[in-house]
Amino acid sequence: MSTLMLGAVAYDPKVVTIWEGFRTWFATRGLDFDFVLYSNYEAQVAGHFAGHFAVAWNSPLAWVQTERVAAERGRRARAVAMRDTDQDLTSVIVVRADSDIQRVEDLRGRVVAVGAADSPQATLIPLNHLREAGLEPGRDFEVQRHDALLGKHGDHIGGEREAAKAVMVGACDAACMIDSNHLAFGAEGSLPVGRSRILATTAPYDHCCFTVLDGVDEDLLERFVELLLGQSYSDPEIRSLLDLEGLRAWRPGRVSGFAQLRRAVDAFGTIEEFVKDLA
């Protein structure tokens, strides 16, 4: 029996619980499934091209890395599935409720806090949003980075939380974060309700995706995707794992939602050396 091997990044201890649970669930449905964990996405992308596994559970930045390395090598990368919660997300730029900043232009000469340097949602996409609005990061405003767990591409929200706290204590003038974390920080008190407001919101974008390269066993892949898309949140056998992974339903993969991140990568030179070295 052939095994479908997955690569994933261990950004949290719950990752082991999630994929061990999925392995058992797949096995009861006749799919031999296993996984290998990496400490960072760069190592995972390298492992994918080295043939260490068939399917990658990629961050948005890891998807762009894979897409570009594949192009350099004359290969093809595909996004085959993603969570319902990976589609049509936005990031926000937040200021204190009593701030004199009323529009994006008012950030000129100010300090903007971001998450980790490799976070699509808390750094790359919102900074590119400001750049496309006419404010160049590092020139027109100072960027205050909160580099929690570099290599995990913002999967660990510590950097975003620190940026949120910084704006509340006046250590910066604005902070960038994904909208869902903005809501979560309000609930937990990092951004006390009523003491902050949203200055700007990015256009919608997509997040994580299952990625494969050409040469994958198409029969195994077809069964994997079929089982994923067939999972039901109403099924108590799988619901707890879906909750841990943060979704209610799997969706077919798409790549139309990565345009903003591609522009950010081009603007800020995030992955050129990585692609060059790996290619």
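Predicted model: local features only at pLDDT ≥ 70, side-chain atom pairs only at ≥ 80, totals over all residues.

User: At what angle do H5 and H6 pack, and how far apart are their axes?

Analyst: H5 covers residues 158–168 and H6 covers residues 179–188; they pack at an angle of about 60 degrees, and their axes are 11 Å apart. H5 and H6 are therefore oblique to each other.

User: Which residues of H5 and H6 meet there?

Analyst: From H5, Glu160, Arg161 and Ala164 meet Asn181, Phe185 and Glu188 of H6. By type, the residues of this contact are 2 nonpolar, 1 polar and 3 charged.

User: Let us move to the sheet. What is the order of its strands?

Analyst: The sheet is open and has 6 strands, in the order S2-S1-S3-S10-S4-S11, with mixed pairing. Strand S2 (33–38) and strand S11 (250–252) are the edge strands, each pairing on one side only. On average, neighbouring strands of this sheet are turned by 30 degrees against each other, direction ignored.

User: How many bridges join S1 to S2?

Analyst: Strand S1 (residues 4–9) is joined to S2 by 6 bridges, and the two run parallel. Within this pair, Leu4 has Phe33 in S2 as its bridge partner.

User: Which strands does helix H2 touch?

Analyst: Helix H2 (residues 41–49) packs on the sheet and touches S1, S2, strand S3 (55–58) and strand S10 (209–213). The direction of H2 makes about 160 degrees with that of S3.

User: And which strands does H7 touch?

Analyst: Helix H7 (residues 218–230) also packs on the sheet, where it touches S1, S2, S3, strand S4 (77–83), S10 and S11. The direction of H7 makes about 20 degrees with that of S4.

User: Now the backbone. What is the phi of Asp88?

Analyst: Asp88 is not a glycine, yet its phi is positive, at about 60 degrees. Most residues other than glycine have a negative phi. Asp88 is found in the loop between S4 and strand S5 (91–96).

User: Is Asp88 buried or exposed?

Analyst: Asp88 counts as exposed because its relative accessibility is 52%, and the cut-off for exposed is over 50%.

User: What about the phi of His153, and where is that residue found?

Analyst: His153, a residue other than glycine, has a positive phi near 55 degrees. His153 is found in the loop between strand S7 (142–144) and H5.

User: Is His153 buried or exposed?

Analyst: His153 is buried, with a relative accessible area of 0%.

Conventions
Residues numbered from 1 in each chain as written. Heavy atoms only, no water. Axes fitted to C-alpha atoms, helices over the stretch in contact; angles between N-to-C directions. Helix = DSSP H or I, 4+ residues; strand = E, 2+ residues; numbered from the N terminus. Parallel < 35°, antiparallel > 145°, perpendicular 65-115°, else oblique. Contact = heavy atoms within 4.5 Å. Nonpolar A, V, L, I, M, F, W, Y, C, P; charged D, E, K, R; others polar. Pairing = 2+ DSSP bridges. Buried < 20%, exposed > 50% of the residue type's maximum accessible area, 1.4 Å probe, protein only.
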